[in-house]
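Q: Hi! Could you walk me through a few spots in this model?

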Amino acid sequence: MESYEVKEHDVLVIGAGGAGLRAAIEASAQGVSVGLVCKSLLGKAHTVMAEGGMAASLSNADPRDNWEVHFRDTIRGGKHINNWQMVEIFCQEAADRVSELEEWGALFDRTKEGLIAQRNFGGHRYPRLAHVGDRTGLELIRTLQNYGIHQGFEVYMECCVVELIKEKDQVCGAFGFWRESGQFIVFKAKSVVLATGGLGKVYRVTSNSWEGTGDGHALAYRAGAELVDMEFVQFHPTGMVWPPSVQGILVTEGVRGEGGILKNSDGKRFMFEYIPDAFAAETSDSEEEASRWLKGDPEARRPPELLTRDVVAKAIRSERIAGRGSPHGGAFLDIASQRDAEYIKKKLPSMYHQFMKLGNLDITSTPMEVGPTCHYVMGGVRVEPETAMTTVKGLFAAGEVAGGLHGANRLGGNSLTDLLVFGARAGFHSAKYSKEIAEALNPSEDLLKKMERFSLEPFDPERTENPYSVMADLQETMEINAGIVRTKDEMEKGLELLQDLKNRGEKVRVEGNRQYNPAWHYALDLKNLLCVAEAITLAALNREESRGGHTREDFPESSEYFQNVNSFISDKEGSMFIENREREPMPEHLEKLL
Amino acid sequence: MAEAQFKVFRGEGAKGELFEFPVEVTEGMVVLDAVQQIQSRHANDLAVRWNCRAGKCGSCSAEVNGKPRLMCMTRMDELSLDVPVLIEPMRGFPHMKDLVTDVSRNYEINKKIRPLTPKPRETDGTYRMQQEDIERIQEFHKCIECFLCQNVCHVIRDHSVKEFAGPRFLIRIASLAMHPLDTLNRLKELKDVFGLGYCNITKCCTEVCPENIKITDNGIIPLKERVAGAFYDPLAWLWKNLTSNSKKIPEKNK
Ligand SMILES: Cc1cc2nc3c(=O)[nH]c(=O)nc-3n(C[C@H](O)[C@H](O)[C@H](O)COP(=O)(O)OP(=O)(O)OC[C@H]3O[C@@H](n4cnc5c(N)ncnc54)[C@H](O)[C@@H]3O)c2cc1C
Ligand code: SF4
Ligand code: SF4
Ligand code: FES
């Protein structure tokens with residue numbers, strides 16, 4: 001066995017996106033020693049890519065807004081299966097968490113009165129998203145980073161966690177390696193916060209980077225924690241579709257928030273045909289009304305392009321199947337006819353730049369071609385609403401890796417605020433938990449040996465599979481068998497294929513040495529991807545209805561039974577076990593907000 | 001389908017050589033796609049950093065045909081494919097492996113910058129700032145920390161100067177010094193700790209910035225003027241402090 005570098009902290013935070021940074025800041029503020037680990041350089045997590053904004057009812061743009069309306073919108077957007085305790089906490093604390101960022105240096109776009117400006121987004125009744133042009137995530141992560149580096153926590157960057165360490169029934173650290181040197185590192189900790197983000201890389205077309213491999217979901221699952229709502233994956237309606245090399249890259253919903261409209265190949269504004277009954281009362285039913293809304297008429301209802309993401313993504317898909325798609329199989333997103341060039345460049349500078357550079361297209365004069373892309377996972381590690389603790393002692397989770405808040409469909413802008421609200425809570429409660437523990441348990445030699453052996457297996461020269469090809473096949477399988485629209489047969493087939501892929505995964509072979517070797521990193525990520533792929537498929541097969549981000553061709557309607565239950569996945573003697581459990585009913589004071 | 005040749009630097013700790021690889025070129029392809037194709041088909045262990053693929057995270061900096069660029073924002077159809085495309089790591093930083101360099105020094109410099117120290121909130125609990133007063137700083141906040149400007153700055157490349165923060169961090173300090181809420185005076189440390197005086201305004205940094213931030217004109221030059229005003233012209237300094245909010249950007253730089 002190698003000798004390992006060992007680092008000890010009261011709280012170990014895994015992940016340095018918005019959630020991890022916010023957790024590390026809060027835990028440090030409680031006076032405990034904190035370590036923060038991330039796979040990339042600091043400041044490069046997904047959070048940096050977020051564009052449109054963060055939702056909070058500051059009511060700067062419309063005085064009618066408050067936390068209660070935000071609560072209503074979030075539950076309706078989540079199709080009523082959200083964990084309402086989480087939603088209540090979230091909506092009540094969102095505004096404070098956002099304005100606190102100003103003290104740490106964030107500069108949001110301003111209203112005429114000099115306050116934080118707010119923009120419209122899908123599913124939010126009033127303009128609610130604090131934003132900085134279309135680079136809000138950059139502002140968020142840089143603000144937390146530049147404030148955080150003075151709070152005393154230690155950062156381990158380009159360091160990857162392979163497994164959590166658990167002794168007795170308690171999480172007490174993590175085993176990982178430095179990407180640069182390939183050397184192993186053992187973290188001892190009294191508590192661990194997972195803030196590892198999402199799992200978009202399980203699909204072929206995605207807005208996520210190489211980091212989104214569901215590590216936290218899989219680490220938690222293997223440590224015995226429960227996963228909730230794993231069938232709910234968000235396909236964002238507007239990803240780039242052309243040229244092929246940029247397929248999946250996100251086009252912010254801010255384009256529609258600023259007035260962008262969707263058209264099919266007949267030039268028809270098709271979203272008017274897809275307004276669900278539940279949203280008819282607050283959605284424009286004519287182009288005339290929609291254009292009054294754009295001009296700021298408070299009596300006009302919101303245009304149908306701002307319906308929730310699940311609705312818009314499915315509409316684009318239906319248009320394409322009906323033969324009315326754009327030349328490369330998407331829809332046209334047109335802001336050029338709605339706003340003048342100066343306005344577009346000011347409000348959506350990075351979209352302008354992105355299309356100019358990558359698509360050879362000027363969005364101030366020409367419509368964009370867009371189509372659905374895997375963007376976000378609503379499902380995740382089950383946590384206690386107040387404390388963000390998982391079902392395993394000493395293990396906390398916050399941000400995209402945690403489940404429950406967003407229900408069946410996340411509203412745009414609710415993620416960034418989620419990172420702040422529950423990041424702070426996870427930081428606070430993990431610190432509190434650590435203070436109550438005398439000493440972190442020591443990991444046993446045997447366990448470490450096992451982890452080392454597992455991590456080095458891919459270098460075995462007897463092995464034959466190329467990690468890049470196994471990953472590509474996995475992504476294709478998920479795209480086909482558990483994608484936007486699902487059927488029983490396809491998913492059963494998918495589960496079989498996943499079994500083959502698992503076998504191939506055990507044979508991946510890595511060349512070269514351990515120093516900064518991406519093939520090795522992919523080989524290790526593969527195990528996590530396979531785990532989350534199975535969880536998504538199993539949960540999607542289980543939910544025999546359509547709701548939010550989960551659409552079953554064989555069960556196109558929503559069912560009352562499934563409205564009242566959430567699905568929970570856990571490990572039972574080495575295999576994945578799923579069960580449906582009823583939610584606690586919503587108390588009256590919240591029920592009446594709907 | 002067209003084919004191109006790529007020459008990619010491979011090796012560890014600055015020791016290495018150029019290896020040639022074929023690349024199958026498809027429409028709209030960028031250099032990062034080509035490098036990833038090489039990685040998945042011919043050199044699985046090729047070390048390279050990337051995240052967003054859309055010019056938003058600043059991870060994929062390298063030298064393409066000798067020019068410092070973001071690989072994900074460099075389209076293949078901008079390059080001549082008659083000769084091999086040359087891909088090398090950034091030269092201004094210690095080499096680690098293949099296309100990956102050690103950029104940790106940047107993080108150390110950043111730590112030395114004192115954080116924003118804001119004035120108290122208004123009585124209604126808000127902060128009021130006008131859009132036009134923050135526009136200039138919002139420009140600096142666009143920085144994606146690709147470190148291409150640090151890579152090309154000759155003052156940094158000349159290793160004898162130890163205390164020079166470099167363009168990226170000078171504009172970060174500028175963003176604090178011009179921040180309507182900040183209460184610190186940062187001019188002395190700009191001169192003594194961050195070596196503002198070493199910059200001789202060659203503007204190489206501005207030229208490579210993928211975010212088109214006018215690092216020199218809008219950041220460094222106004223800072224130099226303030227420092228000069230403060231330390232070499234006591235009367236002017238006094239005047240400025242007595243008459244107005246010294247955070248305001250000098251009129252002529254607007
Ligand atoms: C292009 C794009 C645009 C978006 N726009 C918006 C928007 O406008 N508004 C909004 O609300 N949401 C938006 N989202 C969603 C939102 O950005 C993400 O959900 C959110 O940033 C996730 O934050 P996080 O802190 O949970 O994780 P991330 O930011 O994904 O960070 C995860 C961290 O965990 C680390 N990590 C992962 N695995 C390991 C491991 N094994 N070992 C060590 N470290 C590990 C990573 O290195 C990283 O530091 C967008 C997402 C994308 C991709
Ligand atoms: S202008 Fe100054 S900071 Fe920029 S490259 Fe030249 S010397 Fe360096
Ligand atoms: S200032 Fe420009 S070149 Fe320098 S690090 Fe920032 S984005 Fe890159
Ligand atoms: S990969 Fe993010 S800037 Fe190129």
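A: Happy to: α1(A) crosses α4(A) in a left-handed way, meaning the near helix is turned anticlockwise from the far one by less than a right angle. Keep in mind that this is a predicted model, where local features need pLDDT of at least 70 and side-chain atom pairs count only at pLDDT 80 or more, while totals for chains, interfaces and linings use all residues. Residues are numbered from 1 along each chain as its sequence is written, and side-chain values use heavy atoms, without hydrogens and water.

Q: Which residues make that contact between α1(A) and α4(A)?

A: From α1(A), A:G18, A:L21, A:R22 and A:I25; from α4(A), A:I141, A:L144, A:Q145, A:Y147 and A:G148. Contact here means heavy atoms within 4.5 Å.

Q: OK, switching topic: what surrounds ligand 3?

A: B:C143, B:I144, B:E145, B:C146, B:F147, B:C149, B:R168, B:I171, B:C209, B:P210 and B:I215, counting residues with a heavy atom within 4 Å.

Q: And how does that shell around ligand 3 split by class?

A: The shell has 9 nonpolar, no polar and 2 charged residues.

Q: Now B:E88: buried or exposed?

A: B:E88 counts as buried because its relative accessibility is 18%, and buried means under 20% relative accessible area (1.4 Å probe, protein chains only).

Q: Where is B:E88 found?

A: In strand β5 of chain B, residues 85–88.

Q: What is B:E88 in contact with, leaving aside neighbours within four places in sequence?

A: B:F9, B:L18, B:A62, B:E63 and B:L99. Also, the C-alpha atoms of B:E88 and B:V8 are separated by 6.2 Å, although these residues are 80 apart along the chain.

Definitions and conventions
Chains are lettered from A and ligands numbered from 1 in the order in which they are written. Helices (H or I, at least four residues) and strands (E, at least two) are DSSP runs, numbered from the N terminus. Ala, Val, Leu, Ile, Met, Phe, Trp, Tyr, Cys and Pro count as nonpolar, Asp, Glu, Lys and Arg as charged, and the others, Gly among them, as polar. Buried means under 20% relative accessible area, exposed over 50%, partly exposed in between (1.4 Å probe, protein chains only).
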